[in-house]
Amino acid sequence: MYVAVKGGEQAIARSLELLAEARRGDTAVPELELAQIREQLRLGVARVMQEGSLYDEELAALAIRQAAGDMLEAIFLLRAYRTTLPRFGYTEPLDTTTMRVHRRVSGTFKDVPGGQVLGPTYDYTQRLLEFDATQPVAIQPADAPLPGCMPRVLDLLDAEALIERIDAGDDPEPMDLTREPLIFPADRATRLQNLARGDEGFLLGMAYSTQRGYAESHPFAGEIRMGEVDVCVCPEELGFTIEIGAIKLTECQMINQFHGGNGVPPQFTRGYGLSMGEGERKAMSMALVDRALRCDELGEPNYAPAQNQEFVLSHSDSVEASGFVQHLKLPHYVDFQAELSLLRTLSAQHATAQVDVQPADAEPARMAEEVQP
Amino acid sequence: MTPSYNFAFLDEDTKRMLRRALLKAVAIPGYQVPFGSREMPLPYGWGTGGIQVTAALLGRDDILKVIDQGADDTTNAVNIRRFFARVAGVETTEHTVDASLIQTRHRIPETPLREDQILVFQVPEPEPLRTLEPREAETRTLHALADYGLMHVKLYEDIAQYGHIATSYDYPVLVDDRFLTSPSPIPKFDNPKLDRSPALMLFGAGREKRLYAIPPYTKVESLAFDDHPFEIQRWEHRCELCGSAESYLDEVIVDDRGSRMFVCSDTDFCGDRRAEAQA
Amino acid sequence: MSALLQVRGLSRHYGQRIGCEDVSFDLHPGELLCVVGESGSGKSTLLSTVAAQLAPSAGTVRYRQRDGEWLELGTLSEADRRRLAREEWGFVTQNPRDGLRLNVSAGANVAERLMALGMRNYSQLRGIARSWLERVEIDAARIDDAPTSFSGGMQQRLQIARTLVTQPRLVFMDEPTAGLDVSVQARILDLLRGLVNELGLAAVMVTHDLAVARLLAARTIVMQGGRVVETGLTDQILDDPQHPYTQLLVSSVLTT
């Protein structure tokens with residue numbers, strides 16, 4: 001009896017076997033190939049890469065398969081693997097103005113130089129379940145190729161000095177949140193790093209709250225662009241920059257109203273979001289939360305949850321949140337025993353105070369009064 | 001041992017970073033040192049801080065013991081022991097006296113520890129003031145100024161409302177007359193074992209990214225009032241397996257009528273006593 | 001006798017806007033100084049700047065510590081500022097809810113500052129808390145009740161007890177009676193007058209109410225638009241105001 005209530009090595013081994021069986025499902029059905037996941041579940045792969053902080057479609061696909069489609073588990077797998085990878089160096093800052101655009105839209109002007117480019121999007125699907133197997137679609141070629149490089153919509157406003165200017169020279173070298181602990185107050189570069197790794201659902205809810213009045217928000221989608229950007233590094237031993245490949249990114253720049261304050265004149269302000277692969281919802285949410293978190297810098301009243309950086313940044317990470325919520329499954333019987341004994345003492349006192357005529361029945365297993373060590 | 005990972009999983013640079021943080025922690029007893037906590041292949045909240053400390057300390061000659069709730073065969077303990085057996089290939093033991101390094105969750109072994117042993121605690125929330133003051137920037141200031149009136153307000157309020165200090169585990173301590181410190185969620189029964197312990201005690205909070213230490217023979221005082229001194233739990237029962245009257249007991253419900261038995265939470269301690277009695 | 005507090009040429013600006021400008025005064029031990037003026041006259045800004053809660057834009061505030069050392073508050077570290085606030089000063093806010101810890105009992109509120117100073121005897125803390133509750137006319141039987149169950153006037157009296165329990169050398173009070181009914185105000189002013197005399201408190205009190213100044217303060221400073229327009233003995237100022245603004249203030253009190 002006593003042995004049975006304890007866990008044990010064997011039980012864990014059996015559990016792992018059951019998990020493997022459940023993960024594989026009916027063996028009469030062929031196992032998913034990683035290429036299938038990579039090609040046909042690309043948005044899931046993008047999310048796992050983004051929140052897993054590792055741009056590797058093959059590994060992300062592997063993680064999704066191993067996690068049986070549980071995205072948070074897949075993200076966790078990728079993060080744990082990432083810990084063991086050696087760090088060769090840091091890339092040069094990516095230049096998204098040179099993005100080879102697949103999609104680029106702006107909500108602020110009817111048309112913009114370079115045009116509104118819809119690209120592949122679910123926005124205009126009719127959300128009708130398609131019961132038939134999908135057939136390959138022939139793509140109509142465009143009348144003219146897209147320009148190789150499209151100006152950012154926000155830069156057009158910048159020319160008129162209507163939007164805050166971000167001077168690249170003022171931008172300090174960011175700290176690496178995967179190597180250094182988060183310390184409050186966190187600067188904007190650190191906050192953006194945290195949000196970039198943050199859980200999409202959490203950020204979406206936070207972003208939504210800023211639109212519903214929990215923060216002075218008034219946002220416009222200044223520009224959303226998605227496409228490939230070259231990645232460059234400058235190895236110390238070479239002393240010059242080399243291109244090592246390209247990655248697909250989604251960038252969102254929000255434009256927010258601002259009435260002026262803290263020495264800053266009235267002008268439009270920016271919120272920024274960036275996500276690996278196609279991650280439009282994530283990038284937009286991130287941009288809204290980024291802007292809300294700038295309240296102190298801009299002298300805005302700081303009252304809403306999305307403006308509270310300790311609140312947002314401490315709770316954004318799904319790996320941290322999921323682990324701590326689920327750790328409640330671990331045995332806590334030592335602490336529970338301590339609480340039980342305290343509660344029994346308190347409830348005995350309460351009973352004595354209520355009924356001073358007859359003492360309560362002998363409770364089961366009462367702990368003797370506490371003594372000094 | 002799995003060959004594709006470095007010894008004890010973490011790369012040597014990360015271990016050096018951890019050791020530097022640990023040295024700082026030992027130099028300032030009870031002070032929470034922020035560190036670049038890594039994502040481990042176990043979930044946050046499941047001992048990632050303790051695992052990183054253990055990984056940073058582990059040498060090939062170490063003998064490792066892992067306990068959770070005082071027991072070697074609880075799931076978390078088994079899993080962490082399996083992890084280090086796999087990624088470090090070190091010898092493991094269930095005997096407190098044989099271990100050079102003990103990682104623990106929620107207990108301190110009943111068997112007194114020695115100078116040549118290190119105890120590594122898993123810590124979910126390193127900040128003893130957190131429930132009273134949620135802002136990290138503010139709690140750091142309170143520590144810097146040793147401004148701990150707030151903690152005593154809580155203890156005062158407990159006595160005023162309940163007649164007792166109503167904290168039964170994770171009972172706050174003052175380390176070396178300076179830093180207010182969480183002993184991790186050990187029952188307050190174990191607090192006296194922290195005071196002037198011959199063994200080095202290291203605390204790792206992975207999710208919260210903090211390390212701290214209680215060096216050997218350091219004064220550790222459990223907070224209290226002069227006229228409401230610190231008290232520990234004692235049972236009317238003895239352990240039903242080994243007869244111990246000095247150990248922390250688990251209450252086990254043995255049938256559906258709610259009958260209970262009381263047994264040692266420290267399974268190694270209990271086993272040794274039974275073996276001695278048989279001999 | 002040497003001053004406790006020396007304020008010289010103190011200014012505090014908010015961007016272009018003036019909070020207070022070029023204010024100077026001395027405060028002596030055992031003296032209660034009132035700063036009067038309408039809302040927006042800069043008196044609360046002055047109080048916060050003197051109490052080192054706001055950084056001055058210009059000028060100095062010097063405070064003579066218990067050990068006789070003069071401290072320059074503008075250069076004070078956060079650690080020293082908090083130590084002073086804990087060990088030598090008290091601050092009474094207009095809204096008692098800002099100065100109280102609402103989630104713990106009245107007794108804990110009174111005992112907090114004593115515990116911060118290191119008192120570790122529970123019965124003694126209770127004894128002192130009880131006697132202070134009685135001193136501010138709160139039934140000592142309510143020692144374990146939450147301040148949220150108290151009326152506004154009781155909360156303000158509790159805040160006064162919580163602040164004065166450590167016998168601070170210098171107390172700052174920001175409109176301590178402004179949010180209360182007239183009858184409640186009178187009781188608190190009476191209480192404050194008694195405590196000020198009994199404890200020999202040195203205090204700077206901000207008020208818009210000249211009657212409060214008349215009742216409590218030997219000396220008064222009158223502020224308008226962030227500047228001091230008149231300063232002197234309270235009776236003199238009230239009976240023979242020199243500055244047109246003070247004359248207006250005094251006449252408006254007399255006519256209402």
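In chain B, seven strands form an open sheet of mixed pairing, in the order 1-9-8-5-4-2-3. Strands here are DSSP runs of E with at least two residues, helices are runs of H or I with at least four, and both are numbered from the N terminus. Two strands count as paired if DSSP finds at least two bridges between them. Strand 1 (33-34) and strand 3 (91-92) of chain B stand at the edges with a single partner strand each, so one side of each has no neighbour in the sheet.

This is a predicted model, in which local features need pLDDT of at least 70 and side-chain atom pairs count only at pLDDT 80 or more, while totals for chains, interfaces and linings use all residues. Residues are numbered from 1 along each chain as its sequence is written, and chains are lettered from A and ligands numbered from 1 in the order in which they are written.

- Strands of a sheet pair through backbone hydrogen bonds, either parallel or antiparallel.
- Strand 2 (residues 63-68) and strand 3 of chain B are joined by two bridges and pair in the parallel sense.
- Ile63(B) has Glu91(B), in strand 3 of chain B, as its bridge partner.
- Helix 2 (residues 48-57) of chain B lies across strand 4 (101-105), strand 5 (118-122), strand 8 (200-205) and strand 9 (210-214) of chain B, and runs at about 150 degrees to strand 5 of chain B.
- Helix 3 (residues 75-87) of chain B lies across strand 2, strand 3 and strand 4 of chain B, at about 155 degrees to strand 2 of chain B.
- Such angles run from 0 to 180 degrees between N-to-C directions, and the axes are lines fitted to C-alpha atoms, for helices over the stretch in contact.

**The three-stranded sheet of chain B**

- Three strands of chain B form an open antiparallel sheet in the order 7-6-10.
- Strand 7 (179-181) and strand 10 (220-222) of chain B are at the edges, each with a single partner strand, so one side of each is left without a neighbour in the sheet.
- On average, neighbouring strands of this sheet are turned by 30 degrees against each other, direction ignored.
- Three bridges join strand 6 (residues 173-175) of chain B to strand 7 of chain B in the antiparallel sense.

**Helix 1 of chain A**

- Helix 1 (residues 9-24) of chain A has 16 residues and spans 23 Å from its first C-alpha to its last, close to the expected 22 Å, where the expected span is 1.5 Å times one less than the number of residues.
- The number of buried residues among these 16 is zero, so helix 1 of chain A lies largely in the open.
- A residue is buried if 20 or more other C-beta atoms, placed from the backbone, lie within 10 Å of its own, exposed if 12 or fewer do, and partly exposed in between.
- Gly25(A), which follows helix 1 of chain A, has a positive phi near 65 degrees.

**Domains of chain A**

- Chain A is divided into domain 1 (8-82) and domain 2 (96-121 + 144-325), with bounds from an automatic or database domain assignment.
- The contact takes 14 residues from domain 1 of chain A and 14 residues from domain 2 of chain A; residues are in contact if their C-beta atoms, placed from the backbone, lie within 7 Å.
- Helix 3 of chain A gives the most to the side of domain 1 of chain A that touches domain 2 of chain A, with eight residues.

**Strands of chain C**

- Strand 1 (residues 5-14) and strand 2 (residues 17-27) of chain C run antiparallel and are joined by seven bridges.
- In the hairpin of these strands, with two residues between them, Gly15(C) takes a positive phi near 60 degrees.
- Strand 1 of chain C also pairs with strand 4 (residues 58-64) of chain C, in the antiparallel sense over five bridges.
- Val7(C) stands opposite Phe25(C) in strand 2 of chain C and opposite Val61(C) in strand 4 of chain C.

**Contact between chains C and B**

- Chain C contributes 18 residues to the contact and chain B contributes 16 residues.
- Helix 4 of chain C supplies the largest share of the side of chain C that touches chain B, six residues.

Notes:
Two residues are in contact if their C-beta atoms, placed from the backbone, lie within 7 Å.
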